[in-house]
Amino acid sequence: MPNRGCGPYSTPMVTRAEILVLGLTAGVLGSLLGGLMLGVGLGLAVNGAHIGWLLMLPAAPLSGLLGYLLARRLAKQLPQ
C-alpha cells in the first residue's frame with residue numbers, strides 16, 4: 001500500500017498504478033521499436049542487403065533499454 005501520508009522519516013512508495021503504467025508503456029513501446037527494427041532488418045537481410053543485420057542485431061537490447069529509461073524516469077519522480 002502506498003504511504004503518501006507517512007511520517008517524516010519514511011519516503012513515499014510508488015503506487016500500483018504507476019507500476020502498471022510503467023509496465024504497459026515499456027512493453028508496448030519496446031515491442032514496437034524492437035519489432036520494427038527486426039522486421040525492417042530481416043526484410044533487408046533476406047533481400048541480400050547486409051545493412052539489415054545492423055538493424056536486426058541491436059533490436060532486442062534497444063527495446064530493453066527503452067524500458068530501463070522509463071523506469072529511471074519514474075524513479076526520479078520520487079522525493080529523495
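Helices, as the term is used here, are DSSP runs of H or I with at least four residues, numbered from the N terminus. Arg-73 is found in one of them, helix α3. Please bear in mind throughout that this is a predicted model.

I shall begin with the packing of two helices. Helix α1 spans residues 16-46 and helix α3 spans residues 59-76. Their axes come within 8 Å and cross at roughly 155°. Angles over 145 degrees count as roughly antiparallel, and α1 and α3 are therefore roughly antiparallel to each other. The crossing of the two is right-handed.

Which residues make the contact? On the α1 side they are Glu-18, Leu-22, Thr-25, Ala-26, Leu-29, Gly-30, Leu-33, Gly-34, Met-37 and Leu-38. From α3 come Ala-59, Leu-62, Ser-63, Leu-66, Gly-67, Leu-70, Ala-71 and Leu-74. Sorted by class, the contact comprises 12 nonpolar, 5 polar and 1 charged residues.

Let me now turn to two residues of α3. Ser-63 lies in this helix and takes part in the contact with α1. Is Ser-63 buried or exposed? Its relative accessible area is 17%; the limit for buried is under 20%, so Ser-63 counts as buried. Setting aside neighbours within four places in sequence, Ser-63 is in contact with Gly-30, Leu-33 and Gly-34.

Arg-73, also found in α3, is exposed, with a relative accessible area of 55%. How far apart in space are Arg-73 and Leu-22? The C-alpha to C-alpha distance is 9.7 Å, while 51 residues separate the two in sequence.

Key: Residues numbered from 1 in each chain as written. Predicted model: local features only at pLDDT ≥ 70, side-chain atom pairs only at ≥ 80, totals over all residues. Heavy atoms only, no water. Axes fitted to C-alpha atoms, helices over the stretch in contact; angles between N-to-C directions. Parallel < 35°, antiparallel > 145°, perpendicular 65-115°, else oblique. Left-handed = near helix turned anticlockwise from the far one by under 90°. Contact = heavy atoms within 4.5 Å. Nonpolar A, V, L, I, M, F, W, Y, C, P; charged D, E, K, R; others polar. Buried < 20%, exposed > 50% of the residue type's maximum accessible area, 1.4 Å probe, protein only.
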